[in-house]
Amino acid sequence: LPIGSVVNFSFQVLDTKDIFSNLSTLSITVSNKTLVEVPAGPITTSTTWTKNNIYLLKGFVRVGDDAKRPGGTDITGVTLTIEPGTVIFGDRETKGTLIVQRGNKINAVGTAEEPIVFTSERAPGQRQPGDWGGLVIVG
């Protein structure tokens with residue numbers, strides 16, 4: 001299938017009492033992008049996230065760290081650069097969150113043609129408030 005094609009899978013579940021569930025549909029978009037899981041914890045060196053990947057935030061991902069937060073360490077001078085056209089998903093189960101800690105930077109400049117998108121990992125139409133933690137910039 002060509003990149004950008006959408007494949008829909010519809011299914012129902014039959015329980016032990018022969019009762020069917022509601023019909024559910026799962027849509028999958030064909031992509032040539034690589035899924036990169038970003039684990040909870042600090043990003044300790046300057047890093048660039050590129051538009052040829054999709055990033056999945058798992059838990060609290062910190063750009064640097066702050067010794068003043070409970071359990072924190074002193075990691076400063078780290079810059080996270082995000083290319084235009086990059087997509088970042090927040091994991092629903094772990095409330096994926098990107099936190100830019102004091103003394104560190106984010107350089108993320110999207111364009112109208114290639115916006116930087118932060119969103120829930122859930123499919124459009126199924127996204128809800130609270131699906132993920134968001135973007136936090138600590139001053």
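View 1. With a relative accessible area of 0%, I88 is buried (buried means under 20% relative accessible area, exposed over 50%, and partly exposed in between, using a 1.4 Å probe and protein chains only). The model shown here is predicted: local features need pLDDT of at least 70, side-chain atom pairs count only at pLDDT 80 or more, and totals for chains, interfaces and linings use all residues. Residues are numbered from 1 along each chain as its sequence is written, and side-chain values use heavy atoms, with hydrogens and water left out. Leaving aside residues up to four places away in sequence, I88 touches W49, Y55, L57, I82, I116, V117, F118 and T119, where contact means heavy atoms within 4.5 Å.

**View 2. I88 belongs to the largest nonpolar core.** This core has 16 residues, and W49, L57, V63, I88 and L98 are those with the most contacts inside it. A nonpolar core is a set of buried Ala, Val, Leu, Ile, Met, Phe, Trp, Tyr and Cys residues joined through side-chain atoms within 4.5 Å. Two or more residues of the core come from each of β6, β7 (60–63), β8 (79–82) and β10 (97–100). To place two of its members, look for I88 and L98: they are 10 residues apart in sequence, with their C-alpha atoms 9.6 Å apart in space.

**View 3. Four strands make an open, parallel sheet.** Reading across the sheet, the order is β3-β6-β9-β12. Two strands pair if DSSP finds at least two bridges between them. At the edges are β3 (34–38) and β12, each pairing on one side only. From one strand to the next, the twist averages 25°; axes are lines fitted to C-alpha atoms, for helices over the stretch in contact, and angles run from 0 to 180 degrees between N-to-C directions. Within the sheet, β6 and β9 run parallel and are joined by 4 bridges. Here you can find I54 opposite V87 in β9.

View 4. Side chains of opposite charge can pair when their charged atoms come close. A salt bridge is a side-chain nitrogen of Lys or Arg within 4 Å of a carboxyl oxygen of Asp or Glu, and the whole structure has 6 of them. For E114 and K51, the N to O distance is 2.7 Å. E114 sits in the loop between β11 (105–108) and β12 (117–120) and K51 in the loop between β5 (47–49) and β6 (53–57), so their pairing ties together parts 63 residues apart in sequence. Both ends are partly exposed: E114 has 31% relative accessibility, and K51 has 35%.

View 5. In one, D65 pairs with R69, and their closest N and O atoms are 2.7 Å apart. Salt bridges that share partners bring R92, R122 and D131 into one network.
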